[in-house]
Amino acid sequence: MANASARSNSVTVENQDVALLKSTTVGRGPISDIAVDGHTVVTTNFGDDSIAVLDSDTLAVHGGVFAGQPTTVAVVGDRAFAAVSSASYDAIAVIDTVSGEVVREYPLSFNVTAVVTSADGKRVYAGRSGEEGVDVAVLDVTAERVGTIYVANAADATIDAMCLDTTGRRLYVGVTDSRSSRLITVDVETSRVRRTLEVGAPIRGLALGMDGVAYVLTSDIADGGVLYVVDLVNNKITADVAVAAAPTQLVLSADGTRAYVVDYDHVAVVDTDKRAIVAEVSVGARPSAIALGSDRLYVADYDGGVTVYTVAA
């Protein structure tokens, strides 16, 4: 494991909530996504078409597989669900994080761009873009069958972010096309779109806060990165704050008071109550993805490194 001082890791702007803990180099090329659950961290390494499993405390790599070209991943319990691409089809690969083996693969048509799971890991939602629009493939892991929720018909649309509420009944989907972007609310039980909220700029990230609030991260050349606060009950934007120059990903603390935004060369820490940046985290390389545990922030980068910071629980 690499020593944290071997990389130019830092936290700037006075803030007591974030502290550098340690870092390591996975050694498998650029990391496209990272996910954490309990003692398990999973990275997708598109440089060498592999998925690595790390210990969340020590950051030691203790498993992994080669499985097509992986892009995005979600982990729950001892299972990781990774979107992988090959010459013939896309798929969701199911990895046993204990044995490090692919235990199931669900071939899917079209391009998978976002993955989210239910809290118990029994359902996996894969956002897809195709020639006629976007939809969500619903994988019933227990019954081993696949359903489809149709979301939008725009031919050039993509799904860059999704999240599921705590009840597992509402799926929120960020859809972007050449004209605009929108936040779509889907009733999972009926597989029907219930609400649509126009946002504007391309959506890069999406997270659910407390008391029916969602945070939508957008980015474009004109306005840079903007974090929108959305009232889900009334389906309207109530506030916005400039947070970055070219953001690509967002995670939110469990209590909704901190938003962590991946920008071009750092991670911005946003106080959602004050609607202001309270810290900037640098990992000595371009950050590519972030994941948040109960009290730790994991930052992956394009040099193949993972850095962990302690954050206020």
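Predicted model: local features only at pLDDT ≥ 70, side-chain atom pairs only at ≥ 80, totals over all residues.

Trainee: Okay, how many helices and strands does the chain have?

Mentor: The chain has 0 helices and 29 strands. Its radius of gyration is 18 Å, close to the 20 Å that the globule rule gives for 313 residues, so the chain is as compact as a globular protein of that length.

Trainee: And what box do the C-alpha atoms fill?

Mentor: Taken along the principal axes, the box is roughly 50 × 45 × 35 Å. Within the chain, 54% of the 313 residues count as buried, and if you take the contacts with a separation of 6 or more, 38% of them are between residues 24 or more positions apart.

Trainee: What is in the largest nonpolar core?

Mentor: That core has 20 residues, and those with the most contacts inside it are Tyr125, Val136, Met162, Leu171, Val173 and Val175. Strands S11 (111-117), S13, S14, S15 (158-164), S16 (170-176) and S17 (181-187) each supply at least two of its residues. As background, nonpolar side chains tend to be buried together in soluble globular proteins.

Trainee: Which residues is valine 175 in contact with, leaving aside its neighbours within four places in sequence?

Mentor: The list includes Val134, Val151 and Ala152, as well as Ile159, Ser181, Ile184 and Ile203.

Trainee: Let's take serine 181 from that list, then. Is serine 181 buried or exposed?

Mentor: Serine 181, which has its place in strand S17, counts as buried because its relative accessibility is 0%, and the cut-off for buried is under 20%. Leaving aside neighbours within four places in sequence, serine 181 is in contact with Val175 and Thr176, and also with Leu197, Glu198, Val199, Gly200, Ala201, Pro202 and Ile203.

Trainee: How far apart are serine 181 and serine 109?

Mentor: They are 72 residues apart in sequence, and from C-alpha to C-alpha they are 23 Å apart in space.

Trainee: What about the loop between S13 and S14?

Mentor: Alanine 143 is found in that loop, and with a relative accessible area of 42% it is partly exposed. Alanine 143 and arginine 123 are 20 residues apart in sequence, and their C-alpha atoms are 9.8 Å apart in space.

Trainee: Last topic, backbone angles. What is phi for aspartate 49?

Mentor: Phi of aspartate 49 is near 55°, which is a positive value in a residue other than glycine. Aspartate 211 also has a positive phi, about 55°, although it is not a glycine.

Trainee: Where are these two, and are they buried or exposed?

Mentor: Aspartate 49 is in the loop between strand S4 (40-45) and strand S5 (50-55), and at 32% relative accessibility it counts as partly exposed. Aspartate 211 is in the loop between strand S19 (203-208) and strand S20 (213-220), and at 78% relative accessibility it counts as exposed.

Definitions and conventions: Residues numbered from 1 in each chain as written. Heavy atoms only, no water. Helix = DSSP H or I, 4+ residues; strand = E, 2+ residues; numbered from the N terminus. Buried < 20%, exposed > 50% of the residue type's maximum accessible area, 1.4 Å probe, protein only. Core = buried A, V, L, I, M, F, W, Y, C linked by side-chain atoms within 4.5 Å. Contact = heavy atoms within 4.5 Å. Rg over C-alpha atoms; globule rule 2.2 N^0.38 Å.
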